[in-house]
Amino acid sequence: ASTTEQDGFDALIAADGRIEPRDWMPDGYRKTLIRQIAQHGHSEIIGMQPEGNWITRAPSLRRKAILLAKVQDEAGHGLYLYSAAETLGMSREEMLDLLHAGRQKYSSIFNYPTPTWADVAAIGWLVDGAAITNQVPLTRCSYGPYARAMVRICKEESFHQRQGFESLLALSNGTPEQHAMAQDAIDRWWWPSLMMFGPPDENSPNSAQSSAWGIKRFSNDELRQRFVDICVPQAETLGLTLPDTDLRWNAERNHYDFGVIDWTEFHEILKGNGPCNRQRVATRRQAHADGAWVREAAAEYAAKQAAREGS
Ligand code: 3HC
């Protein structure tokens, strides 16, 4: 790069400006954004599976309608994010091929099963809650298209989190069996939700550079701590117990202390050995194959439209 291009980029980042698709950017900046945005988009698309599993079995029409809207939102979030990544030069087809080949990741959190209806509520409260904590700072990410995609996604994510909380509250205040089902779901989803924020800062190879480039505004541990501080009082309101006996308010730190996370579980999942990794990717590959005719029809229609306009 000529010094002026690099200097121009550095000055924009230093002034907390926005890099746009046509601006010059270092290859590493482009590469790490494609990596993160593609992974974020894949997380949304794969994340449709655990909850989608309950659409036909929701306990009421109201819950079914809410869940349907939420799963459709996740599909839309995936498409916004794929569009943001495409502005960096990687096509959607290529990203999907890499996902199907296991060469691009999606969030560890979606490799867990959803055996009961309470899992849908726990995902809303915890997984979407963690997603919001992670995504709000990304609305100020230095890359324009990603930051703008986050603004709309965060609005819809808030609805996802609130409906999850409300559904958990209904279960918790319901029959003893319903309360037990809600508690069981929290027991299973709490620790994996903390892992969503990524490895501890001392084991986070991308953090230093992502922070220097204004992509990562807060560290993995800072956001994890923020999430814990939000959840503890909410769990009290829900009348549910978080499965961590080390949780306690630390007046010096002005934060909650919490127990040790089992990072071996996290690394096993990243290696593809989680409870649902194979099933999630196989289902995704099958959905892609089943949807080929839709893509072909849309492409054919677009070609005819173009020919008609061209004539
Ligand atoms: N699941 C899978 N992989 C993870 C992970 C997780 N929870 N956390 C970290 N990793 C991977 C990283 O991708 C990186 O591997 P890579 O270099 O091959 O990509 C490695 O572990 C080391 O982690 P780092 O901390 O160095 O990586 P990052 O700086 O990228 O930080 C991150 C990880 C905080 C997840 C960051 O990528 C990020 O903020 N991503 C955007 C948010 C996102 O992807 N959220 C998905 C949550 S689910 C969701 O949003 C759906 C909602 O609707 C519920």
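Let me begin with a term: a polar contact is a pair of N or O atoms within 3.5 Å. The model on the screen is a predicted one.

With that cut-off in mind, consider glutamine 135, where a side-chain N or O atom is 3.1 Å from an oxygen atom of the ligand. The side chain of lysine 105 also places an N or O atom 2.6 Å from a ligand oxygen. Proline 205 takes part through its backbone, with an N or O atom 3.3 Å from an oxygen atom of the ligand. How much of the ligand's accessible area does the protein cover? On its own the ligand has 1000 Å² of accessible area, and the protein covers 90% of it.

I turn now to helix H10, residues 220-238. Its 19 residues, at 1.5 Å a residue, should span 27 Å, and the end C-alpha atoms are 26 Å apart, so the two values agree. Its buried residues include Leu223, Phe227, Val228, Val232 and Leu238, but also Arg224 and Asp229. The buried residues of H10 pack against H6, H7 and H11, as well as helix H8 (176-195), helix H9 (207-212) and strand S2 (255-257). Just after H10, glycine 239 adopts a positive phi of about 70°.

Some loop positions also deserve attention. Threonine 114 sits in the loop between helix H5 (92-100) and H6. Is threonine 114 buried or exposed? Buried means under 20% relative accessible area, and threonine 114, at 6%, is therefore buried. Beyond its neighbours within four places in sequence, threonine 114 contacts Pro50, Asn53, Trp54, Asp119, Ile123 and Trp189.

Aspartate 16, in the loop between helix H1 (3-14) and H2, has a positive phi of about 60° although it is not a glycine. At 42% relative accessibility, aspartate 16 is partly exposed. Asparagine 254, likewise not a glycine, has a positive phi of about 65°, and lies in the loop between strand S1 (248-250) and S2.

Thank you for your attention.

How values were computed:
Residues numbered from 1 in each chain as written. Predicted model: local features only at pLDDT ≥ 70, side-chain atom pairs only at ≥ 80, totals over all residues. Heavy atoms only, no water. Polar contact = N/O pair within 3.5 Å; in protein donor to acceptor, adjacent residues only side chain to side chain. Areas by Shrake-Rupley, 256 points an atom, 1.4 Å probe, with all protein chains shown as cover. Helix = DSSP H or I, 4+ residues; strand = E, 2+ residues; numbered from the N terminus. Expected span 1.5 Å × (residues − 1). Buried < 20%, exposed > 50% of the residue type's maximum accessible area, 1.4 Å probe, protein only. Contact = heavy atoms within 4.5 Å.
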